[in-house]
Amino acid sequence: RGNRGAHRRRAHVRQDARGGGFAPTILMFGSIAAIAFGAEWFFRRSVPVAPSTNLLLKQVYTEFAALSIFTLTIAVFYVLLTWPPLLRVAVLYSLLAMIAFRAVVALCRVGLAASVLSAPSASRIRMFAAVLTVALAFSTVCEQLSVAHDVRSVLAIGFSLPLLAIVIETIWHGHSFEARSLQRRTSHAISIVSVILVWLFWCGGFLALFWLGITLFFVPRALSLVDRLSGAFTSSGFSGNSVSTPKSVLVVRGIRAVVIIAAVDWVAFVWRHNLPIASGQIPLAQTIIAGAFNSIIILLIIDLIWQLAKAYIASKLPDGGDGAALTSADITRHGRLRTLLPVLRNALAAGLLCIA
């Protein structure tokens with residue numbers, strides 16, 4: 001039945017090709033990309049920058065406003081134009097891949113502006129994103145055209161090789177060779193072996209182990225990048241040049257929590273669908289694993305609430321100031337605050353711990 005369905009899809013594709021050919025589809029796709037890039041260029045040239053004294057916020061506004069114009073232009077023209085039925089989904093995924101790559105470019109530019117990325121690192125990230133998005137789009141197109149599974153697997157492995165090479169090159173040449181000690185070289189060699197092992201998991205179809213390895217490898221690096229970027233925003237005056245204000249805590253801890261929760265949720269999803277011990281076939285193991293994943297999310301949320309509350313209480317504590325300028329009533333009120341707010345903070349910590 002599956003083979004008959006694939007033959008029918010191939011016949012429909014051939015019929016579309018005989019009726020209108022693939023050239024009009026490719027031409028429309030290229031025209032949409034050109035118009036989207038043109039609209040972004042016009043936006044950058046004609047629209048004034050954000051009225052902010054924070055240079056980093058100006059960069060963020062410029063990059064993501066331009067990305068929004070780029071995405072909106074693609075969406076409008078994709079909806080307005082008529083596409084061959086079987087190629088419509090393939091074109092959609094190709095356009096989404098283009099938007100995803102454009103988003104990575106925007107993030108790299110913000111990272112360069114915040115001095116949390118070096119130019120070589122940004123180039124490697126852009127190269128990796130370009131190969132990955134092209135591979136995903138090409139895989140979707142092949143699936144829509146009913147290309148044989150073995151052929152798609154070979155093509156996927158072919159695309160994965162440059163991705164693996166980029167990651168290995170990034171690990172080994174992340175720092176100058178002369179500046180690296182023997183211990184650091186050994187650490188890099190272990191990281192390279194781990195990356196190759198994770199790649200072999202993917203080639204062998206062990207998706208649960210593959211995504212666990214990807215999470216363990218990339219999430220700590222993503223969190224480090226998020227921390228440096230958040231620190232750059234704080235030092236640029238985003239939240240009053242303090243890392244302890246509620247706004248700073250919300251940005252730093254909130255983004256960290258989103259990254260970890262997204263990674264944990266994705267690993268849990270993959271495990272439920274690819275690992276028998278987590279898919280419900282062994283109820284006790286499934287309960288323990290699901291409880292562990294849920295516990296991580298609960299602790300992250302509780303930690304975010306606690307850090308926000310602690311920062312808010314700290315902002316309300318009097319800093320002393322010029323004691324000579326304070327009246328007796330002010331001194332009495334400050335004394336009460338110094339006594340009551342720490343008690344409230346401890347009570348809140350106990351309550352959140354009980355809830356967790």
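This is a predicted model: local features need pLDDT of at least 70, side-chain atom pairs count only at pLDDT 80 or more; totals for chains, interfaces and linings use all residues.

Visitor: How many aromatic pairs does a search of the whole structure find?
Guide: Residues are numbered from 1 along each chain as its sequence is written, and side-chain values use heavy atoms, with hydrogens and water left out. Rings of Phe, Tyr and Trp (its six-membered ring) pair if their centres lie within 6.5 Å; planes under 30 degrees apart count as stacked, over 60 as edge-to-face and the rest as tilted. On that basis, the search of the whole structure gives 6 aromatic pairs.

Visitor: Is the pair of Trp 211 and Trp 266 stacked or edge-to-face?
Guide: The ring centres of Trp 211 and Trp 266 are 5.3 Å apart. Their planes meet at 85°, so the pair is edge-to-face.

Visitor: How many residues apart in sequence are the parts that this pair ties together?
Guide: Trp 211 lies in helix α8 (residues 207–235) and Trp 266 in helix α9. Helices here are DSSP runs (H or I, at least four residues), numbered from the N terminus. The pair therefore ties together parts that are separated in sequence by 55 residues.

Visitor: Are α9 and α10 roughly parallel or roughly antiparallel?
Guide: Helix α9 (residues 246–274) and helix α10 (residues 283–316) pack at an angle of about 175°, with axes 9 Å apart. Axes are lines fitted to C-alpha atoms, for helices over the stretch in contact, and angles run from 0 to 180 degrees between N-to-C directions. Angles under 35 degrees count as roughly parallel, over 145 as roughly antiparallel, 65 to 115 as roughly perpendicular and the rest as oblique. α9 and α10 are therefore roughly antiparallel.

Visitor: How far apart are the axes of α5 and α6?
Guide: Helix α5 (residues 119–144) and helix α6 (residues 149–172) pack at an angle of about 170°. That makes α5 roughly antiparallel to α6. The distance between their axes is 10 Å.

Key. Helices (H or I, at least four residues) and strands (E, at least two) are DSSP runs, numbered from the N terminus.
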